[in-house]
Amino acid sequence: MKTNWYERAVVYQIYPFSFLDNNNDGWGDIEGIISKLDYIKDLGVTAIWFSPLYKSPDYDYGYDIADYRAIDEKFGTMADFDRLLAECHKRDLKVIMDMVLNHTSMEHPWFKKALESPDSPYRDYYIIRKGKQEKGKLLPPTNWASTFTGSAWERIGDSDEFYLHLFCREQPDLNWENPKVREEIIAILKFWLDKGVDGFRFDVFNMFSKVYPFQDDHQKGTFQKGGQYFVDGPRMHELLKELNEKALSLYDSYTVGESYHPSKENALEYVRRDNHELDSIFNFAHLAADNIADKKFFWKPFNLRQFKDGLFQPQKDNYGLGWNTLVLENHDNPRSVSRFGIDTKNYRYEAATMLATITYLGFGIPYIYMGQEVGLTNCPFDNIEEMKDPVSHFVYDLMTSYGMPKKLAFNFIKYGARDHARVPMAWNDSVNGGFNEGALPWQKVNPNYRQINVEKDLKSDKSIYRYFQKLLKLKKESEAAIYGKLEEYAHDDRQLIAYSRQYEDEGLFILANFSKRPAVYEAPAELVWSGVLLNNYPELENKSGTLKLKPYQAVVLQLAQPTNKK
Ligand code: GLC
């Protein structure tokens, strides 16, 4: 049943809230998505991943699901979804659904029933424990921290019990130890697979399994208090194998997991082909090259070496054993052209195309986040009230509670906020950037939509979209770009990024200047190329093997013969 179609896939991610608001009510919708499927298809992608479309009270904007089998009203109906699926398939676009299975919404009927009575069988669907009595005070059962700041436990009313939530308090964690919960989950996966969807993105999957019995975390300086007891838990591999055996492997499905701080060993085990767990997981290590300790909000000067290490390591680790993914943006990260020390004002086209070239020709499936294909930038938010993401508010509140002045705290948040990528798409220069016909959008519109929008990009001589088309065509048609082994060059160089991909007789060499200063690359003697396949500048300056690269210039060379770099 199962084929490896994903190996040649290129995925486009849609954040439905902000893609296109067809009925002008302020929220993006399915009808809006359908109207742009040709635009997406023409880019050269082969699959679409939809951030959650399910019924949700939106405390975490869809990542808190209240009904796994219903489409949220603001997006449309199930009939609209069925049409979307059919329209995608008509265009040979695969459909990947987001599945948030670590937690539900607090408004999910299971959770409501669980709270209704202490004897409810649904109580065991969640993780509920008695608090600790200390010096006459009721404390949470453990000292674990929520990923989104504060305690990971919420007291149930005025009882002495608490429920676990590793994210917002409105997102209670499911108890994967309960076989009934797993049965429900398998039935949900089958419900969507039977409808014909082609795969899933599993949200924060490596937190499904927890270490029992629960205990306080006394380790110092960890990424999150309690992390050692709920990340990569002891039953993780077994749980994934069960999903695979009972649902995923029965269809021609593909899975990508969003893992949270996985160990290097586990990261490989999750995707190792003979393990039959997941087909791929996301790698975000390179995206931490401009923030401290992998915390989005803590800016540090961009470190290219770290970017290269983060980007290439999993490509090397997984090669020949399992598959990989290639990501620059998503709904949880700022826009890529607005970070990494990039001079966006002067080199937006060059930087956007350079980033895509060096990332997507690596080993793995390119993931493109909506708007990235026209180089959308971060949004100049003016104050915290304009930000909708609860995490921005949690972090802001935390910082101000420690005495940080409000303005400073806001500037802090602004750098890494998830809100940047979540503002409405800029389609053209009409009202609200063409997102709708003038109703107040749920989220601020980036005021630069008159300068940067899809329509303008498509008309420009320097169209990022058109460059992406060429790049993705090359990616899909080149065996080396899909199956080639990756060898890195110029590793220690602080401006350049360079690697080859070689498969049988075919070889590509990808070279780029990741800076706004000109750069020089002395090509090693073993590197013999027969042509330039792609270039984000009109020319490549080459004086007997000394290549001079302009700011953010990226080129793809066709190798004349395999290099023998070991
Ligand atoms: C993932 C999602 C993020 C969400 C979180 C909790 O990281 O990408 O948007 O807030 O999980 O579900």
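This is a predicted model: local features need pLDDT of at least 70, side-chain atom pairs count only at pLDDT 80 or more; totals for chains, interfaces and linings use all residues.
The side chains of Glu 350 and Lys 462 come together in a salt bridge, with an N to O distance of 2.8 Å. Because Glu 350 belongs to helix H10 (residues 344–360) while Lys 462 sits in the loop between helix H13 (454–459) and helix H14 (464–477), this pair ties together parts that lie 112 residues apart in sequence.

**Salt bridges**

- Glu 177 forms a salt bridge with Arg 235, in which the closest N and O atoms are 2.7 Å apart; the two residues are 58 residues apart, with Glu 177 in the loop between strand E10 (161–164) and helix H5 (179–195) and Arg 235 in the loop between H6 and helix H7 (236–246).
- Glu 177 counts as partly exposed, its relative accessibility being 29%.
- Lys 444 and Asp 382 also meet through their side chains in a salt bridge, at 3.5 Å from N to O, and this pair links distant parts of the chain, 62 residues apart, since Lys 444 lies in the loop between helix H12 (406–416) and H13 and Asp 382 in the loop between strand E15 (365–369) and helix H11 (390–401).
- Within that pair, Lys 444 is buried, with a relative accessible area of 19%, which falls under the 20% cut-off for that class, whereas Asp 382 is exposed at 56% relative accessibility.
- A network of salt bridges links Asp 60, Asp 332, Asp 389, Arg 418 and Arg 422.

**A sheet of three strands**

- Three strands form an open sheet in the order E19-E22-E21, and their pairing is antiparallel.
- Strand E19 (519–522) and strand E21 (541–543) are the edge strands, each having a single partner strand, so one side of each is left without a neighbour in the sheet.
- From one strand to the next, the twist averages 20°.
- Strand E22 (residues 546–549) pairs with E21 in the antiparallel sense over three bridges, and Asn 542 stands opposite Leu 547 in E22.

**The second largest pocket**

- The second largest pocket holds about 250 Å³ of space, and of the 17 residues that line this pocket, Lys 2, Tyr 6, Arg 273, His 276 and Asp 279 are the closest to its centre.
- By residue class, the lining of the second largest pocket divides into five nonpolar, seven polar and five charged residues.

**Backbone details**

- Most residues other than glycine have a negative phi, and most peptide bonds are trans.
- Asn 24 has a positive phi, near 55°, although this residue is not a glycine; Asn 24 is placed in the loop between strand E1 (11–14) and helix H1 (30–35), where its relative accessible area of 28% makes it partly exposed.
- Tyr 61, likewise a residue other than glycine, has a positive phi near 45°; Tyr 61 lies in the loop between strand E3 (54–55) and strand E4 (67–71) and is buried, with a relative accessible area of 12%.
- Tyr 212 and Pro 213 are joined by a cis peptide bond, for which omega is about -10°, and Pro 213 is found in the loop between strand E11 (199–202) and helix H6 (227–230).

Technical notes: Residues are numbered from 1 along each chain as its sequence is written. Side-chain values use heavy atoms; hydrogens and water are left out. Two strands pair if DSSP finds at least two bridges between them. Helices (H or I, at least four residues) and strands (E, at least two) are DSSP runs, numbered from the N terminus. Axes are lines fitted to C-alpha atoms, for helices over the stretch in contact, and angles run from 0 to 180 degrees between N-to-C directions. On a 1 Å grid over the protein atoms alone, a cavity is a set of points where a 1.4 Å probe fits but cannot get out, and a pocket is an open set with protein on both sides within 12 Å along at least five of seven lines; lining residues have an atom within 4 Å of a point. Grid points are joined across faces, edges and corners, and a volume is the space filled by probe spheres set on the points. Ala, Val, Leu, Ile, Met, Phe, Trp, Tyr, Cys and Pro count as nonpolar, Asp, Glu, Lys and Arg as charged, and the others, Gly among them, as polar. Buried means under 20% relative accessible area, exposed over 50%, partly exposed in between (1.4 Å probe, protein chains only). A salt bridge is a side-chain nitrogen of Lys or Arg within 4 Å of a carboxyl oxygen of Asp or Glu.
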